[in-house]
Structures are given as structure tokens and as C-alpha cells.
Amino acid sequence: MRKKSLVSLLLAASLAAGALFGCGAGGNDSAKSGQSSEAAQSSEKTEAGSSEDLGTPLADVRVRQALAYAIDMDTIVDSIFEGKAEVAKSFTAPGDWLNANLPEYKYDPEKAKELLKEANWPADYTLDVVYYYDDQQTVDLMTIIGQYWQEVGVKAKFRKLEGDLASQLWVPPTDKEKGPSVVKWDLAYAAVAALAESEFYNRFASTASNNSTVPKQEGLDELIAESNATMDTDAQKKAFAKIQEFIAEKVLAMPLYHQVCFIYTSNKLDTAGAKFGNDQFSYEKNILDWKIDRDDKTLYTNGGPEEFFWYPMVNPGYMISTELVFDKLINADSSLTPTDGMLAESYTVSEDNKTIEFVLKDGLKWHDDEALTAEDVKFTLELMLKTPGTNAVASDVVKAIKGSADFVEGKTDSLEGVVVDGNKITVNFDTVSANALAVFSQWPILPKHCLQNANPETLQQDQFWQKPIGSGPYKVDEVVLNNYATLKRWDGYYKKGSGNVDTVYMFASGENDGNLVKNAGAGKIDYAWSKSTEDAKAIEAMDSMKVTSANIRYTRCFYINQFPHEANIK
């Protein structure tokens with residue numbers, strides 16, 4: 001099917017923007033609805049009936065399918081995003097976690113019209129669509145989607161939410177099967193950035209505390225439970241494939257596109273065939289094998305400390321320094337799937353998936369030459385329990401360890417479920433914690449002898465983070481806060497590698513580095529990443545730089561409210 005010119009849609013949309021973006025969902029005011037013909041509207045109403053007869057027309061799967069068929073996401077990605085995103089057919093990003101056989105809703109406006117007619121779409125209904133982003137790209141996207149829907153006979157108003165978003169977006173109804181809805185919208189444009197696949201799909205369970213949109217579906221709770229019943233990644237992939245198919249067939253939500261991660265490398269850097277992935281988290285890049293074509297053997301990057309090195313409790317992959325300075329118990333590959341041991345020589349999961357036994361490598365040390373032991377592992381898990389704001393995935397895992405509640409409440413001074421025996425450490429869970437291996441591949445082990453007197457409530461402000469001591473392949477060398485910091489290759493690391501990068505020079509920056517393009521143009525960036533399409537466009541124009549796109553678990557979507565709206569119930 002021929003794609004409609006996005007330029008013509010944007011021109012039309014600019015004329016209709018006042019109609020599309022309002023303060024709420026309209027009623028029967030055709031002058032404000034963007035409807036092109038009063039006669040056509042009258043004809044549709046005769047055929048379709050009134051929205052007042054329905055709790056919500058979005059309860060009909062044919063309507064949800066029609067809304068998906070009506071949007072030309074291929075053209076949107078090519079145009080608005082200049083090809084620097086990927087059309088989504090699932091929440092799961094392309095890769096080995098994605099079910100390759102999912103139904104797709106390729107742009108087909110005639111099919112959309114046919115489904116709407118079959119579903120007796122009420123022509124007087126105006127979809128109330130909400131979003132919470134401020135950027136122009138979001139406004140353009142919402143405007144274009146409104147035009148696509150208008151072309152198949154669906155009116156929509158778009159409004160930006162302000163204030164407490166959680167209370168306006170994710171409060172479930174009291175009755176999880178029949179409603180009525182607590183939230184006041186039809187569709188919500190949102191994003192999910194995930195470490196684990198369960199962050200995409202657990203919310204569709206009927207008991208989920210953030211399921212504000214999907215009534216209980218026969219069989220879905222059981223599929224979700226299956227995905228959470230094992231630590232085995234192959235079994236998890238099979239379970240998630242079934243969930244993906246269920247959600248896609250019923251269009252319980254509408255994935256739109258995947259944001260990608262852009263990785264920037266200079267022509268002076270040889271990454272030894274490293275496979276790039278989601279740099280928001282940690283994965284095995286074999287950095288010790290990288291070679292840099294500089295006489296001083298220095299690799300330039302960003303992510304140096306501004307006020308302090310970022311502590312890893314919230315986001316362990318926020319800065320590259322965390323990955324280079326600290327080791328985890330186990331590795332992950334570029335798709336963030338847990339693989340082999342890191343600090344652990346080996347690990348074993350019990351048959352009932354409630355126990356993991358780790359055996360640490362012999363002779364492990366911290367950068368200050370103190371021994372790294374299983375007691376450091378236990379200390380780190382206890383610290384994660386005590387530290388406010390620990391990432392939700394990690395928090396759920398450590399809270400599932402036996403005795404965690406008693407430890408947090410101060411009834412015990414040691415975490416019962418973590419047993420140390422020499423260089424062996426056993427972690428026992430009360431229930432299956434499906435994301436445990438993912439957490440142990442991301443959250444670094446921290447030195448007890450440096451942090452045992454730190455206040456967990458204010459951990460980020462502890463002096464330790466001015467110049468942290470880790471166990472990774474590079475140790476902190478020189479630090480000039482809010483300017484730069486250097487890391488030096490550590491001779492005491494258990495693995496040597498074949499590369500020559502002796503020094504990592506990090507310009508001070510947060511995740512959004514305003515000087516990234518300038519530094520890359522000056523030949524002072526050899527490795528960096530961002531999610532900015534503007535950065536990617538500017539850097540790919542430089543002869544000295546290469547831009548590589550990597551799929552990440554970051555999906556933009558519409559959540560579709562399928563509960564009856566109280567205002568429409570008679």
C-alpha cells in the first residue's frame with residue numbers, strides 16, 4: 001500500500017492542531033472535532049449509533065485493531081525520527097527475546113475502516129488521548145496520529161498531563177473485571193524503559209497495582225505467572241513469547257516504536273569485535289582487549305563525576321565508570337541476558353529456582369589490595385535492602401531473600417537467607433525471584449570495609465563516592481570534580497586482556513552530555529553513547545567517528561483503557 005506523504009499530513013495537521021490539542025475529550029461539536037464533513041458525520045452516526053450506548057468502544061478488539069491499522073508507523077519513523085528508531089510490533093525489542101511470529105498491524109486504512117464499521121464505531125465519540133512529554137517531537141507525533149485516525153473516521157483530542165502522573169495514569173479500578181475505570185482517558189502515550197522483560201508484561205496481570213487499563217483476561221494471569229516462575233532464561237523466553245502473542249492478538253496495548261541507543265566510536269579505537277548493546281546497563285564488552293591508536297594509550301569518553309561518582313543503587317549502568325571500576329557476580333551479554341561468572345567462578349540455580357549458590361574466584365582483591373570475600377557480597381545485598389530508592393527490579397529481588405523483612409525491621413542484624421561458607425555464598429529466596437540472575441549481572445559488589453559505616457539513607461553523599469574503590473579492570477586515578485577524572489588499568493585484575501588502553505579519560509557529564517558533539521568534533525571522544533537523535537545526526541557526519549545503533553528495552557506505546565468509563569455507564 002502506498003504510504004501517504006508525511007509532509008502533507010504535517011501541513012494538514014498544522015491547520016487542525018487547535019482541534020486536535022484541547023483541554024479534554026470533546027462531545028458532539030463538529031467544528032472542534034476536525035471532522036471534514038458534517039454530512040459525512042451525520043451519515044456515520046446513522047449507521048453507527050451513539051457512544052452513550054457503550055461503556056467504552058475500546059472494549060471491542062476490532063476497534064483497537066483498527067486504531068493500529070490506521071497509523072503508518074514506517075513513514076513516521078522514516079520521517080519524524082529520520083530512521084533513527086525502530087517500528088515496534090511488541091514491547092519486546094528486536095533480538096532473541098522477541099517472538100518473530102507475532103501478528104503485525106501494517107498501515108491499512110481500508111482495513112481500519114472495515115473493522116470500525118463491523119464494530120459499529122460511534123461517530124460522535126472523541127477519543128481522549130493523554131501524554132506527559134514536553135518535546136516538539138511528541139507534539140508532532142500526536143498531531144500526525146490524530147490525522148491518521150481522522151482519515152478513517154475517528155476523532156481524537158490530545159492533552160498533556162500535569163502534576164502527579166502516577167495517580168492520573170496507573171490507578172486500577174476496584175473491580176478488576178468490570179470497572180468502572182478510575183483514570184479519565186482513553187489512550188495514554190507513554191514509555192517503558194526496562195532492564196527485564198517482566199517490566200513490560202507484569203503490569204498486564206489482573207492483580208497488578210499499575211494495571212489501570214486491561215480487564216482480567218482469561219489465561220493471561222497464568223502466562224504471566226509462568227514467566228515469573230523460573231530463573232532459566234530459555235524458559236523465560238518461551239513464556240514471554242506466549243505473552244507477546246496474547247497481547248498482540250488482542251491489542252491490549254499498542255507498541256509504536258523502539259527508541260535505540262547510539263554508540264559512538266572514533267577511528268582511533270579498535271573494539272576487537274565487541275558486540276554493542278544497551279549501554280544504559282552493563283554487558284560484556286571485553287574492554288581489556290580494546291586497542292587505541294594514541295601514543296599515550298588513552299581512551300577519551302564522558303561520564304566523569306560532576307559532584308561525585310554516581311552510586312549504582314538506582315541505575316547501575318548510568319555511567320561507564322561503574323562498569324569499569326566495579327565488577328558484578330556474573331556477566332551479561334549485549335541483550336542483557338545473564339551469561340557466565342565474573343567475580344563468581346561459577347554459579348548454580350537449584351531445581352526449585354529458590355536458591356543460587358555462587359563460588360567466588362580465588363584471590364580476588366579490591367583496588368586498595370584488601371581481599372574481596374563472600375562477606376562483601378552479603379554486605380552489598382544488605383545495603384541494597386537498607387538504601388531508599390533502590391531500583392525496583394533489584395529491590396524486588398533482594399526483598400524476596402529469606403529474612404529480608406526481619407532484617408529491614410531491625411529484628412535481626414544479619415540477612416538470614418544469605419549464607420557464607422569460605423568463598424561460597426548461597427542466596428535463599430522465599431519465592432522464585434525470576435530476575436535474580438539479571439540483578440546479579442548488573443548490580444556491582446561493594447567493599448564492606450569502605451562502606452560499613454556509611455548511612456544508607458544518604459549513601460550517595462558518602463565521601464566514598466568522591467574517589468571510589470572497586471574491583472573492576474580499571475581503578476580511579478585522578479579526580480577533578482566537575483571537570484575530568486582518569487581511570488588507570490589495574491594490574492591486580494584477574495584477567496589481563498590483549499588490548500593497550502592504559503588510561504580512560506572521562507569528561508565530567510551527566511547522561512545527557514551537552515558537550516558530546518563538541519568533544520567528538522575536537523577528536524576527544526573515542527567511545528560514548530546517547531539516546532539523542534540530534535547527537536547521532538551530528539556525529540555521523542564526522543569522518544573521524546562511527547555511529548552504531550543498538551536495540552534497547554525502551555518502547556514507546558499507547559496504553560488503551562478498556563474499562564467502562566463511569567460517565568458513560570447508565
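The dialogue below reads some helix, strand and aromatic features of a predicted model.

Me: Which residues of α7 are buried, and what phi does glycine 153 take just after the helix?

Reply: The buried residues of α7 include Thr138, Leu141 and Met142, as well as Ile144, Ile145, Tyr148 and Trp149. Just after the helix, glycine 153 adopts a positive phi of about 95°.

Me: Turning to strand β4, which strands does it pair with, and in what sense?

Reply: Strand β2, residues 126-131, runs parallel to β4 and is joined to it by two bridges, with leucine 187 of β4 as the bridge partner of valine 129. Strand β19, residues 545-560, pairs with β4 in the antiparallel sense over seven bridges, and here alanine 188 has tyrosine 559 in β19 as its bridge partner. Strand β4 itself, residues 187-193, is mostly covered, since five of its seven residues are buried.

Me: How is a pair of aromatic rings described, and how many such pairs are found in the whole structure?

Reply: A pair of aromatic rings is described by the distance between the centres and the angle between the planes. The search of the whole structure finds 31 aromatic pairs. In one of them, the ring centres of tryptophan 121 and tyrosine 125 are 5.9 Å apart and the planes stand at 70°, so the pair is edge-to-face. Tryptophan 121 counts as buried because its relative accessibility is 6%, and tyrosine 125 counts as buried at 6% too.

Me: What geometry do tyrosine 493 and tyrosine 494 show, and is tyrosine 494 buried, partly exposed or exposed?

Reply: Tyrosine 493 and tyrosine 494 form a tilted pair, with 4.5 Å from centre to centre and 35° between the planes. Tyrosine 493 counts as buried at 6% relative accessibility, whereas tyrosine 494, at 33%, counts as partly exposed.

Me: Which residues do ring pairs link into a cluster, and where does the charged end of arginine 553 sit?

Reply: Ring pairs link Phe91, Trp97, Trp170, Phe200, Tyr201, Phe204, Phe240 and Tyr559 into a cluster. The charged end of arginine 553 sits over the ring of tryptophan 97, at 5.2 Å from its centre. Elsewhere, the charged end of lysine 250 sits over the ring of phenylalanine 246, 5.4 Å from the ring's centre.

Technical notes. Residues are numbered from 1 along each chain as its sequence is written. This is a predicted model: local features need pLDDT of at least 70, side-chain atom pairs count only at pLDDT 80 or more; totals for chains, interfaces and linings use all residues. Side-chain values use heavy atoms; hydrogens and water are left out. Buried means under 20% relative accessible area, exposed over 50%, partly exposed in between (1.4 Å probe, protein chains only). Helices (H or I, at least four residues) and strands (E, at least two) are DSSP runs, numbered from the N terminus. Two strands pair if DSSP finds at least two bridges between them. Rings of Phe, Tyr and Trp (its six-membered ring) pair if their centres lie within 6.5 Å; planes under 30 degrees apart count as stacked, over 60 as edge-to-face and the rest as tilted. A charge sits over a ring if NZ of Lys or CZ of Arg is within 6 Å of the ring centre and within 35 degrees of the ring normal.
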